[in-house]
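Biologist: I'd like to learn how to read a model like this one, feature by feature. Can you take me through it?

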Amino acid sequence: MSILEDLKRLHIELLYSRLACALSKKQVSLEWCDLEDYRGLTFKRDGVVVIQVSEDLEQDQEFHTILHEVAHAKLHASGLAEENAFASLPENVSDPFPQWYLEKRKQAHEKREHEARHQADQWLEMAGDGSIKDRVIRL
């Protein structure tokens, strides 16, 4: 990557960071990393909302993913897990939770995903078409 491309990327990341804070009305930290099986994740780290975005996404996928994860931050911040929430579980316990609990968690997760998808779709419609900069400015 050239220096100019690096600067353009940093500018886009700054726009995304400002957008995340403005739309969610919360302090949000954005990070790009290798997420393997996910496009994005939202959780808390020391009480601050953290959104991790896969570094391997195309521009439109990245925009949509960020809006979806920001929707989680806006709608579900009080219920977000801390990054290390399950780190203290004993290693020899393969399934520490009863089935009824897992089913209830799955239903709650599906509801949160639906709500975040709906909010992100509303923002996508408002953003319209064009460059990422133009779309972010419209929001």
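Biologist: Let's start at the surface: which residues form a nonpolar patch there?

Modeller: A patch is made of residues with over 30% relative accessible area and no salt bridge; like charges are joined within 9 Å, and nonpolar side chains (Val, Leu, Ile, Met, Phe, Trp, Tyr) within 5 Å. Here Ile 3, Leu 7 and Leu 10 make up such a nonpolar patch, and together they have about 340 Å² of accessible area. Areas come from the Shrake-Rupley method with a 1.4 Å probe, and for residues only the protein chains shown count as cover. Keep in mind that this is a predicted model, where local features need pLDDT of at least 70 and side-chain atom pairs count only at pLDDT 80 or more, while totals for chains, interfaces and linings use all residues. Residues are numbered from 1 along each chain as its sequence is written, and side-chain values use heavy atoms, with hydrogens and water left out.

Biologist: Where does Ile 3 lie, and is Ile 3 buried or exposed?

Modeller: Buried means under 20% relative accessible area, exposed over 50%, and partly exposed in between (1.4 Å probe, protein chains only). Ile 3 counts as exposed because its relative accessibility is 67%. Ile 3 lies in helix H1 (residues 3–24); helices (H or I, at least four residues) and strands (E, at least two) are DSSP runs, numbered from the N terminus.

Biologist: Now the charges. How many salt bridges does the structure hold?

Modeller: The general idea is that side chains of opposite charge can pair when their charged atoms come close. The cut-off for a salt bridge is a side-chain nitrogen of Lys or Arg within 4 Å of a carboxyl oxygen of Asp or Glu. The structure holds five of them. One of them joins Arg 9 and Glu 62, at 2.5 Å from N to O. This pair links distant parts of the chain, with Arg 9 in helix H1 and Glu 62 in helix H2, 53 residues apart. Arg 9 is partly exposed at 25% relative accessibility, and Glu 62 is buried at 5%.

Biologist: What about Asp 60: which residue does Asp 60 form a salt bridge with?

Modeller: Asp 60 pairs with Arg 135, and their closest N and O atoms are 3.1 Å apart. Distant parts of the chain are linked here too: Asp 60 is in helix H2 and Arg 135 in helix H4 (residues 132–138), 75 residues apart. Arg 135 has a relative accessible area of 10%, so Arg 135 is buried.

Biologist: And how do Lys 111 and Glu 115 sit in helix H3?

Modeller: Their side chains meet in a salt bridge, 3.5 Å from N to O. Lys 111 and Glu 115 are separated by about one helical turn because they are four residues apart in helix H3 (residues 99–127). Lys 111 is exposed at 54%, whereas Glu 115 is partly exposed at 28%. As for networks, salt bridges that share partners join Arg 9, Glu 13 and Glu 62 into one.

Biologist: Last one, the rings. How many aromatic pairs are there?

Modeller: A pair of aromatic rings is described by the distance of the centres and the angle of the planes. Rings of Phe, Tyr and Trp (its six-membered ring) pair if their centres lie within 6.5 Å; planes under 30 degrees apart count as stacked, over 60 as edge-to-face and the rest as tilted. This structure holds three aromatic pairs. Among them is the edge-to-face pair of Trp 100 and Tyr 101, 6.0 Å centre to centre with 85° between the planes. Tyr 16, Trp 32 and Phe 63 form one aromatic cluster.
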